[in-house]
Amino acid sequence: MRRFTPNRKLLEIYWIYSLPIFVILWCLAAALLFLEYYTAALISAIFSALLLAFLCIWIPRFYNSVIFKVEDDHAYAKFGVWWKKIKRVPYGLVSEIRIRQGPLQRKLGLANLDLFTPATGVMRPELTYFQIEERFAKKLQDEIRKKIGVLTAKERRSIEEEILEELKAIRKLLEEKF
């Protein structure tokens, strides 16, 4: 069993994700500015301070709540500050593994590793290891593929070459006999 957590850049990416909220607040304050300057400034300052205080508490607590595990027979994820989500998917049910990245994740060198099962009936991942380093995501993808029995292209090619050599040897023996 291997336990790991998302990269420390998770904290950075959530701060970047929360920037639009501040922009909306400041635009709202600018709109209120036409009403009365002091009222708009006060409302904007109060909402910004409350939002900043909330994010200063929530983001680190969320980061500390995230636990990912690669067990012998299951993939496991647990996260959440107020509402805890625990997901455990047996490797026998995994039908596909994908690495997904957005533009901000590419810039920070992060990726999401999605595990799909046919159980939900829609193409939505059953479990996601989110905001992990891109190189680690690729290694983890290969490790899980081995656990579920899906070969990489290189491994498949190697096995196909072994099978071809064996078939050639069998053909040669049959030609010598007949």
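The largest nonpolar core has 22 residues, and Leu-113, Leu-115, Tyr-129 and Ile-144 touch the most other members. Such a core is a set of buried Ala, Val, Leu, Ile, Met, Phe, Trp, Tyr and Cys residues joined through side-chain atoms within 4.5 Å; buried means under 20% relative accessible area with a 1.4 Å probe, protein chains only. At least two residues of this core come from each of strand E2 (67-70), strand E3 (74-79), strand E6 (110-116), strand E7 (127-133) and helix H4 (134-148). E7 gives the largest share, four residues.

This is a predicted model, in which local features need pLDDT of at least 70 and side-chain atom pairs count only at pLDDT 80 or more, while totals for chains, interfaces and linings use all residues. Residues are numbered from 1 along each chain as its sequence is written, and side-chain values use heavy atoms, with hydrogens and water left out.

Beyond its neighbours within four places in sequence, Leu-115 is in contact (heavy atoms within 4.5 Å) with Ala-75, Val-94, Glu-96, Pro-125, Glu-126, Leu-127, Tyr-129 and Ile-144. A second, separate core has seven residues, among them Phe-22, Leu-25, Leu-51 and Leu-55.

The chain as a whole has five helices and seven strands, which are DSSP runs numbered from the N terminus (helices H or I, at least four residues; strands E, at least two). Their order along the sequence is β-α-α-β-β-β-β-α-β-β-α-α. Of the 178 residues, 32% count as buried. Among contacts between residues at least 6 apart in sequence, 52% join residues at least 24 apart.

Technical notes:
Buried < 20%, exposed > 50% of the residue type's maximum accessible area, 1.4 Å probe, protein only.
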